[in-house]
Amino acid sequence: MQSRDETPPDPVLNVVAIDTPGDQGKSLTVAWTAQIGVGVSHYLLYLSASPIHNAEDLKDIKPIRADGERTDLITVPTPVDNFNFYVAVTAVDLGDNVSDLHPDGGSVAGPVQSVSNTIRL
């Protein structure tokens, strides 16, 4: 009988979210430090209208999946512009264990707003 790995990856660090430059609005660019060589298969990004303090705050949010251990940047759609959003990122390993959020807040960014970067004449 083979034992199952139940150890989650370390929390994701250095999460940053900014308005996506040069777009027509309704998107944020999210970056983080990738966890390379430790068995991470993908990352889960959570977009919330409320501040995110811990994993409990993520339970009702449908995550956006970012595949690949080397992935460290993704564009995330927002439902509206000029509204405060909060973003959290967790790592998922090959055993489907999900990392917790870093206790010092390094897994969360925000508030951040998407805006339209087009000039209307």
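Start by selecting residues 40-48, strand S3, which runs antiparallel to S4 and is joined to S4 by four bridges. Helices (H or I, at least four residues) and strands (E, at least two) are DSSP runs numbered from the N terminus, and two strands pair if DSSP finds at least two bridges between them. This is a predicted model, in which local features need pLDDT of at least 70 and side-chain atom pairs count only at pLDDT 80 or more, while totals for chains, interfaces and linings use all residues. Residues are numbered from 1 along each chain as its sequence is written, and side-chain values use heavy atoms, with hydrogens and water left out.

Now widen the selection to the whole sheet. The sheet is open, with four strands in the order S4-S3-S6-S7 and antiparallel pairing. Strand S4 (64-67) and strand S7 (108-112) are the edges, each pairing on one side only. From one strand to the next the twist averages 25°; axes are lines fitted to C-alpha atoms, for helices over the stretch in contact, and angles run from 0 to 180 degrees between N-to-C directions.

Go back to S3 and select His42, which lies in this strand. His42 has 6% relative accessibility and so counts as buried (under 20% relative accessible area; exposed is over 50%, partly exposed in between, with a 1.4 Å probe and protein chains only). Its side chain makes a polar contact of 3.3 Å with that of Arg65. A polar contact is a pair of N or O atoms within 3.5 Å; within protein, one must be able to donate a hydrogen and the other to accept it, and residues adjacent in sequence count only if both atoms are side-chain atoms.

Next, show the largest nonpolar core, where Val30, Trp32, Tyr43, Leu45 and Val89 touch the most other members of the 20. Such a core is a set of buried Ala, Val, Leu, Ile, Met, Phe, Trp, Tyr and Cys residues joined through side-chain atoms within 4.5 Å. Strand S1 (13-19), strand S2 (27-33), S3, strand S5 (73-77), strand S6 (85-93) and S7 each give two or more residues to this core. A second, separate core of ten residues includes Ile52, Leu58, Tyr86 and Val92.

Finish with some backbone details. In strand S7, select Pro111; a cis peptide bond joins Gly110 to Pro111, with omega about 5°. Asn82, in the loop between S5 and S6, has a positive phi of about 55° although it is not a glycine.
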